[in-house]
Amino acid sequence: MLFLENTWHAAPAPEGTWEIVLHNLSDEVLRDFTLSVTTITRIMPEHFVEGARFLRRTANYHEFAMPKGASLPAGGTWRFRAEGLFRSPFHRNDAAKTAWVTVDGQRLPVQVGDLVQGSGAPVLPPPRLPEGRLTLPFALIPWPNAIDAVPGEAPVLLHLEGASAADKRLALSVDALHTRLFPAARRLFQLSPAPGSRALAFATDDSLPPEAYRLTFGDTITLQSSAEAGRRYGLLTLAQMLHGAFTDPAFKFPATGTIEDAPRYGWRGCHLDCSRHFWSFEEVKRVVDLLAWHKLNLFHWHLTDDEGWRAEIKAYPQLTDAGAHRSAETDAMLPQLGDGPARQGGFYTQDQMRALVAHAAGLGIEVMPEIETPGHAACVVAALPFLVDPDETPNSYYPVQGYPNNSWNPGVPETFTVLEQIIDELCQIFPSRHFHIGGDEVARNAWLQSPKARIMMQREGLSGTFELQSWFLKRIKDMLTARGKVLVGWNEVAHGGGVPPDDTLLMAWEKPEVGIELAEMGYDVVMTPGQAYYLDMVQGPDWLENGAGWAGPVPPAQTYAYEAEGDFPAHLQKHMRGIQACIWCEHFTTKNWFNDLVFPRLSAVAEAAWTQKAQKDWLRFARQVRLHPTL
């Protein structure tokens, strides 16, 4: 048995020192071996390592060896220290996530402990939610924008009265959604009367907006709407209230009264990163179910990043043959972010992607694909080496994640041939008008050591990386425009001159003020700032919490209270399209980690997207949210 302990010491400031101790608890002496570690806190090119040889690093993968001639005896320990870190760690899972020893061609597992602090005892994190209290005893998230109802006892179920075939199908689809999310729960709707049931009738009111609904409660419940979307949201409101009343005696069901409701924003989205951690097709379907239960209407499917290509492309099978799996067996895609040495990963077939689009459409959710360009493309250059300028200086630039030379190269003509084919194939699968092309975190000196890119810059009269990025993205926008698509990207798309604002939508993620700056440039904006809506962020300042920390702690109360409109001037409000949660998965290695970080903050974002500020109530939300499902 091998066990790894790691400790962070604050000196020298500001990054400090990372200390690693490997314990050999076996009965065998270890000689001529290497130690591999995946860690988000990385050692930089300029570093000092004492007690070990630092052999190599690719992004989060690190490889060490003992000093020449040294061995690790049975029962012995090997201790070494590293200075020159990318940054100081934030929390207990911010250093070694996984480790293994390679000796005589075999890989031996290493159990890894949490990162501990060299001084000072950590404080146990406080509860994330207060006890809360109810204003009205109805289980509803997001809370409706107008409710005037008298509580009563819940019926055994609701039966449909005089419903069309379409309305019957819609009600039964909501019932099926509830059953998938709560398999042991009672059914909610049926077509015929039954003892203890209550009638539900449907009516049309063309004065209501498409996503609005009105519920009137009496002996018969009447659901009024002008479109299928409004009927679906009304049914979800009824389903949530019934589920709450069936689950917790504190919750009731309206005897009389009304609920009149419509969403605050048209864009109510959630993103899922399937590159850093590959989620199975069934897990992705369940995420879509969770969004539907929360009345979110857009699923942003992050299909590619440095760590893996997840979308089958018929013209380029190499993208998934070589770019969808990470393994210690090959240098092309080394283990990262909590991987072990064994091959892991996966991709979605085109049939699976079509099935996911159909599943989401049946729940009123649009699916927007994302392929990362021009950066975050290490998996692409690993899978398609003909896209690399052979004369580019190796390791000439590193973006923030530490991958060397990880971008599509605008100076290589085949880059655009490949991208056009990829876009063509994905446009046949995803009917959404929105197509996300990434555009974020390109290294400031990218391509400057590529002769092909330098020739391109000279020919086009471009100066520096970001003007070349703008030229690249304008070509991608032309491809999308020709196919009737709106270009969606992260806020850095505006760098270096950006792209034309018409039929462009940018996501403000770095900080809230960026959204206003983009709107002033004429771009439509979706607000998704890390300081509120990034659900991988740690939920408290305590060392024992889990998650990323670059945007600071983001407790659920902060996510709930944040107002995305902020200081948007009135004349720019037309550019503010809505809000979105982002689920980045560098810190997600299991469903348990997913549930720990995503909930209850996903519910908080859903309420921020739907419920007007005057109707929000943190204590009411805290009391209700415990009823909501998880992955």
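Two residues are in contact here when heavy atoms of theirs lie within 4.5 Å. With that in hand, let us walk through the structure. This is a predicted model, in which local features need pLDDT of at least 70, side-chain atom pairs count only at pLDDT 80 or more, and totals for chains, interfaces and linings use all residues. Residues are numbered from 1 along each chain as its sequence is written, and side-chain values use heavy atoms, with hydrogens and water left out.

Let us start with the whole chain. The protein chain has 15 helices and 30 strands; these are DSSP runs numbered from the N terminus, with helices being H or I of at least four residues and strands E of at least two. Its radius of gyration is 26 Å, close to the 25 Å that the globule rule gives for 631 residues, so the chain is as compact as a globular protein of that length. Here the radius is taken over C-alpha atoms, and the rule is 2.2 Å times the number of residues to the power 0.38. Along the principal axes, the C-alpha trace spans about 85 × 60 × 45 Å.

Of the 631 residues, 59% are buried, where buried means under 20% relative accessible area, exposed over 50%, and partly exposed in between (1.4 Å probe, protein chains only). Among contacts with a separation of 6 or more, 72% are between residues 24 or more positions apart.

Leaving aside neighbours within four places in sequence, Leu298 is in contact with Trp267, Arg268, Gly269, Cys270, Leu291, Ile365, Glu366, Met368 and Gln580.

Cys270 leads us on to the cysteines. How many disulfides does the model have? The count comes to zero, a disulfide being a pair of cysteine sulfur atoms within 2.5 Å. For Cys274, the nearest cysteine sulfur is that of Cys585, 6.9 Å away. For Cys582, the nearest is that of Cys270, at 7.5 Å. Cys274 is buried, with a relative accessible area of 0%, and Cys582 is buried with a value of 0% too.

Next comes Val625, in the segment after helix 15 (618-624). Val625 is buried at 7% relative accessible area. Not counting residues up to four places away in sequence, Val625 touches Leu129, Ile141, Pro600 and Ser603. Ser603 is 22 residues from Val625 in sequence, and their C-alpha atoms are 7.2 Å apart.

Pro600 brings us to the backbone. Most residues other than glycine have a negative phi, and most peptide bonds are trans. A cis peptide bond, with omega about 10°, joins Phe599 and Pro600, and Pro600 sits in the loop between helix 13 (591-598) and helix 14 (601-610). The bond from Thr373 to Pro374 is cis as well, with omega near -15°; Pro374 is found between strand 25 (366-373) and helix 6 (378-383).

Which values does phi take at Leu337 and Asn395? Leu337 has a positive phi near 50°, in the loop between strand 23 (325-326) and strand 24 (344-345), and is buried at 6% relative accessible area. Asn395 has a positive phi of about 55° and lies in the loop between helix 6 and helix 7 (414-429); at 47% relative accessibility, Asn395 counts as partly exposed.
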